[in-house]
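Thanks for coming. Please have a look at the model on the screen before I start.

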Amino acid sequence: MEYDELLQTGMFLVAVITVVYTQYKDRRQNKILMFSEYTRRYQEILINMPESIFDGTGSMDAKAKTYMRLYFDLCSEEYHLWKKGIIPDKVWKMWKEGMKITTDRPVYKVAWEELKDEYNKGFRRYFNNKVINKQGGKL
């Protein structure tokens with residue numbers, strides 16, 4: 001009987017370890033897929049943004065406004081995932097620095113002023129103070 005119990009215990013432990021390891025791999029894979037999806041969406045926005053926006057000569061026409069809205073939507077989603085602890089601080093820091101660089105262009109600041117009321121107060125406050133670096137929500 002002792003051998004059978006030991007064998008059953010060993011098999012149970014192997015099963016538990018397998019389940020835990022599989023969950024770990026699945027979580028890691030899901031994080032990689034999420035990061036890849038957000039990167040893909042960011043690249044799609046950049047590819048479709050009018051080139052004049054990047055060289056600083058463009059004004060905000062309807063197409064640019066559409067893609068800026070998509071960009072701010074993406075930033076908002078990333079922010080909320082970070083606040084929920086789904087996005088690690090290290091990744092968020094990298095994304096936030098990218099947001100700062102992108103929104104440093106004047107046309108993005110103009111777009112943000114026009115579109116900011118579409119976003120919730122928490123994101124607006126964070127985006128104003130930590131990304132755009134303006135105090136009190138003013139440009």
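Predicted model: local features only at pLDDT ≥ 70, side-chain atom pairs only at ≥ 80, totals over all residues.

Residues are numbered from 1 along each chain as its sequence is written, and side-chain values use heavy atoms, with hydrogens and water left out.

First, the pocket. On a 1 Å grid over the protein atoms alone, a pocket is an open set of points where a 1.4 Å probe fits, with protein on both sides within 12 Å along at least five of seven lines; lining residues have an atom within 4 Å of a point. The largest pocket has a volume of about 180 Å³, a volume being the space filled by probe spheres set on the points, which are joined across faces, edges and corners. Its lining residues include Tyr38, Tyr71, Trp95 and Met99. Helix H1 (2-48), helix H3 (62-83) and helix H4 (89-102) each give two or more residues to that lining. Helices here are DSSP runs (H or I, at least four residues), numbered from the N terminus. H4 supplies the largest share, five residues. The lining has eight nonpolar residues, three polar and one charged. Nonpolar means Ala, Val, Leu, Ile, Met, Phe, Trp, Tyr, Cys and Pro; charged means Asp, Glu, Lys and Arg; the others, Gly among them, are polar.

Now the helix pairs. The axes, lines fitted to C-alpha atoms over the stretch in contact, have angles that run from 0 to 180 degrees between N-to-C directions. Those of H3 and H4 come within 11 Å and cross at roughly 155°. H3 is therefore roughly antiparallel to H4, a label for angles over 145 degrees. Contact means heavy atoms within 4.5 Å, and the residues making it here include Tyr71 and Cys75 of H3 and Trp95 and Met99 of H4.

How far apart are the axes of H4 and helix H6? H4 and H6 (residues 121-131) have axes 10 Å apart and pack at about 75°. They are therefore roughly perpendicular to each other, the word for 65 to 115 degrees. Among the residues in contact are Trp92 and Met99 of H4 and Phe127 of H6. This contact has five nonpolar, no polar and three charged residues.

Last, H3 and helix H5 (residues 106-115) pack at about 75°, with axes 10 Å apart, so H3 is roughly perpendicular to H5. Tyr71 and Phe72 of H3 and Trp112 of H5 are among the residues making the contact.

Note on methods:
Parallel < 35°, antiparallel > 145°, perpendicular 65-115°, else oblique.
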